[in-house]
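These are my notes on one structure.

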Amino acid sequence: MKRRYFIRLSTFTAGAWLLTDLVPANLLASGKPVDPGFSPDPLLKISETGKVTIFMVKQEMGQNVITSLPLLIAEELEVDLRDITIQSLPYEAAKSGNYTTWASGSITGSWMHLRKVGATAKAMLITAAATRWKVPVDLCKAQGGRVINTRTNQILYYKDLVKEASTLTPPDNVTLKDIKDFKLVGQKAPKTNISSILTGRYAYTMDVKLPRMLYAALVRCPVYSGKVVSWDSSALNGLSGFVKVVQVTQMNEALNRNAVAVIATNTWAALQGQRLLKVKWDYALNTVSDTPSLNDQFKKELSTATPAQVYGKEKKGPFKPIQHPEVYEATYEIPYMGHAAMEPMNCTAWYKDGKFEIWGGFQAPMFINSVLPKLFNIDRSDISVNLMPMGGSFGRKEKIDGVAEAMQIAKAVDAPVQVIYSRIDDLQNDFYRHASYHHLSAVSNPGQISQWRHQLGIATFPGKEISGPWHTFGGVMDDLCYTTGDYQSAFYPVESPIPLGSWRSISFSPNVFAVESFIDELAVHNHTDPITFRFNILDVAGSKDNQRLKNVLSKCADQIGWWQEPAKGRFRGVACCIYGHSSSIVAHAMEISVSKDKLVKIHRCVAAVDCGLVIDPDGLKAQVEGSLAWALSGIFKNEITVSNGMVDQQSFADYQVLRTNEMPPFEIILIPGADNPGGGGEPAVPSVGPALCNAIFAATGFRIRELPIKKHGFRLV
Amino acid sequence: MPTIENTYSLYINRKETRVTVSPDMPILWLLRDVIGLTGTKFGCGMAQCGACTIHLDGEAVRSCVTSVSRAVGKEIITIEGLSPEGDHPLQHAWAEVNVPQCGYCQAGQLMSAAVLLRENPEPTDQDIDDAMSGNICRCGTYLRIRKAIHLAAAIQKSRAKQS
């Protein structure tokens, strides 16, 4: 394994009594020898003192992989989670793909491997003990960090076996524990990083402090591809802590914005300088440059243009509108969305002797190696990356715009530099969830849907590229769970004036909203109960996932008491989602009341969740709770609008997010409907919105077809 | 824009610390960039989100909009100084309930909750709403924060009985 070096914040600070957790720093290498210990896999090391270290290759941003993934190694290795130290695996560009953390895929993608890592180490430790005792291995078992001779009850601690185990060749095949013998998996686990979070020691990316470190705040062009004409920094003269101004260029159209950076010795001075700097821009506006013209363009495309892509029985050929006297139609408008993670974007870079060292939080650090060396005309090996935990990401930190900025600025100063984003910078320079426009039409009766059309106007970036993650998942192509007879969906891209990126639950969030709202409309149209209608159009014989979905819907209905009338003045709504690519299935039901002045109170909210085998039930519930808060914020309150190519929203004042007094009571039922684990971070987002809007329709007769809900005068209480 | 720097003697987490900074620098940046106490977090810089909450003479204040000059002669307590051994009833309760997700807002949540719990040893849900709705959490830990505050109230009560 690569050597690694750590610094303590206190070494460099005036106070020198500080205590953050260790921060890695390769450029500060001092050459201390490393205890090799017993390390049959790069993800695990047992030292001769008995210290067990598990190395994280997935990135932590709140989804608690820092607990659930080590749990899988600890389970097979027979050690307690509390006896383990967790570090992030030093980043290796050659294996950059392993570090990618997205699509609710950390557990599904690595659970078998992690179990094998633990089981392999355990097998080698047992072999080492059996050899020493000169007994067959089947007489030995591992338990609580030691090997036991079951005949003599002799014990050997793992630390005493490190040397011998290190000389053994790892076995090719190891036996994994039977799932029914799991002791840690499936139980509530303490978060492994909790004590450092609760005492302020947990170092997020913005907490990196390096010797002589400078801070940079950027004035970025408010129109994405606009250019710098000139700037005037005269107002900054005499500003305490001000160092210099540096221009930052857009390195490619999908990467970052043109900007001018103010560099200072502290963040406050950099932020003041950012306010005082005057920049002249050449905006170079797109044809579609504001929200109303985007929506007009969607309508125009849907009514006149041939779709860019058609999906249906015949995968090519023209879109064929339904020609039937009983066609039922509805249109849904869904806005852009920002991320607004609590930790604003930031990135630290140091340029020294022709090499860069980066500190930051990235969901996909591989992009740093695949994109930046070419643009900076350096070798891949000239960038080293220190991965650190993120204060929330939700898809935002897949992008490496901050690195491109920090590296340019680092080259212009003789010191490490941290690029910091103010809240305004963070919200105005996001890579947004795309805006979309859905026209659905269908012919149906209470027992079936015989024809179905879904036309999607979608904002695309860059250019008119239709992207799976952003546009085509969530029941708009082959992943629609309902049987719909004659089926077509059609995509109409419109180039977005603002850049786009992944947003927790990607295209499931808008597409499931449209589909599940429309299914509710069809149920009402056919005078059929919404759950009964779903059962009628769900072919459970043909698909195990549909069977699981039916079970999830049934359990959800039972929990909220769907088949009994609600109390007077209360109304219910339901929606569901098969989150295909992470094999998880969720249904939400809400019970609400709406006052005459449109105050919406959610009295009860139920989520039934089938994520298959559950590794960390408390962590999974936390993700489902978080998904509710995330989705309610989005569906009720949030929209990003664009005027003259510029994002209108600036802060939590005009991009209001859910607060504690608005969080409804919540009941979560976990239904393990599969033998393998599914993902947990995203699947419980998409069905929240349509369940709530379907309940609002039940309560008021008013159908929400344009988001966010607050546009229609409703308020959440 | 000429700015001046002054030297201040401040009491931070029960220790006297001398710093030379401009008087209008918010306490947040003094803590983070000058002293190196990074447990107090930057979330908005506009007193909208509560991530930077500290105690100034026992009151919960947003350190991102409170200038250094206002701290003269007062006691600053940050998350690092909330309890000497990390054993405040709230820290116990937060761990028991596994409150944090990303954890970034939690220092601010804890500092707001600590004032609530001191002033009101048995807060109701409404009291919690009133005291905590200035603290945003994007991960959505609100229900657990509520549960943990009630639990901390019980821990505080039983500790008071024991002593």
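Is Lys711(A) buried, exposed or partly exposed? Lys711(A) counts as partly exposed, at 42% relative accessibility. I use buried for under 20% relative accessible area, exposed for over 50% and partly exposed for in between, with a 1.4 Å probe and protein chains only.

**Ground rules.** I am working on a predicted model, in which local features need pLDDT of at least 70 and side-chain atom pairs count only at pLDDT 80 or more, while totals for chains, interfaces and linings use all residues. Residues are numbered from 1 along each chain as its sequence is written, chains are lettered from A and ligands numbered from 1 in the order in which they are written, and side-chain values use heavy atoms, with hydrogens and water left out.

**Salt bridges within chain A.** I looked up the partner of Lys711(A) and found a salt bridge with Glu639(A), at 3.6 Å from N to O. The term stands for a side-chain nitrogen of Lys or Arg within 4 Å of a carboxyl oxygen of Asp or Glu. This pair links distant parts of the chain, 72 residues apart: Lys711(A) is in the loop between α15 and β30 of chain A, and Glu639(A) is in the loop between α14 and β27 (642-643) of chain A. Helices (H or I, at least four residues) and strands (E, at least two) are DSSP runs, numbered from the N terminus. Glu639(A) counts as buried, at 15% relative accessibility.

I then took Arg705(A), which forms a salt bridge with Glu521(A), the closest N and O atoms being 2.6 Å apart. Arg705(A) lies in the loop between α15 (688-700) and β30 (715-716) of chain A and Glu521(A) in helix α11 (residues 508-525) of chain A, so the pair ties together parts that are 184 residues apart in sequence. Arg705(A) is partly exposed at 30% relative accessibility, and Glu521(A) is buried at 3%.

The next pair was Lys355(A) and Asp382(A), a salt bridge with its closest N and O atoms 3.3 Å apart. Lys355(A) is in strand β18 (residues 355-360) of chain A and Asp382(A) in the loop between α7 (366-376) and β19 (383-387) of chain A, 27 residues apart. Lys355(A) is partly exposed, with a relative accessible area of 40%, whereas Asp382(A) is buried, with 13%.

I counted over all chains as well: the structure holds 38 salt bridges.

**Chain A against chain B.** How many residues of chain A are in contact with chain B? I get 73 residues of chain A in contact with 59 residues of chain B, where contact means heavy atoms within 4.5 Å. The area buried between the two chains is about 5300 Å², and carbon and sulfur atoms give 59% of this. Buried area is the accessible area (1.4 Å probe) that two parts lose on being put together, summed over both.

Across this interface the rule finds 5 salt bridges. In one of the salt bridges I looked up, the side chains of Asp207(A) and Lys41(B) meet at 2.4 Å, N to O. The elements of chain A that give two or more residues to the side touching chain B are α4 (194-198), α5 (267-276), α9 (423-428) and α14 (617-637). α14(A) gives the most, with 9 residues. By class, this side of chain A has 38 nonpolar, 24 polar and 11 charged residues; Ala, Val, Leu, Ile, Met, Phe, Trp, Tyr, Cys and Pro count as nonpolar, Asp, Glu, Lys and Arg as charged, and the others, Gly among them, as polar.

**Helix α5(A).** I checked burial here and found 8 of its 10 residues buried. Among them are Trp268(A), Leu271(A) and Gln274(A). The buried residues of α5(A) pack against β10 (214-220), β13 (259-264), β20 (417-420) and α9 of chain A, together with α1 (27-35) of chain B.

**Domains of chain B.** Chain B is divided into domain 1 (6-81) and domain 2 (89-162), with bounds from an automatic or database domain assignment. Their centres, taken over C-alpha atoms, are separated by 22 Å. The contact takes 17 residues from domain 1 and 12 residues from domain 2 of chain B. The two domains bury about 1200 Å² between them, 57% of it on carbon and sulfur atoms. I found 1 salt bridge counted between these domains.
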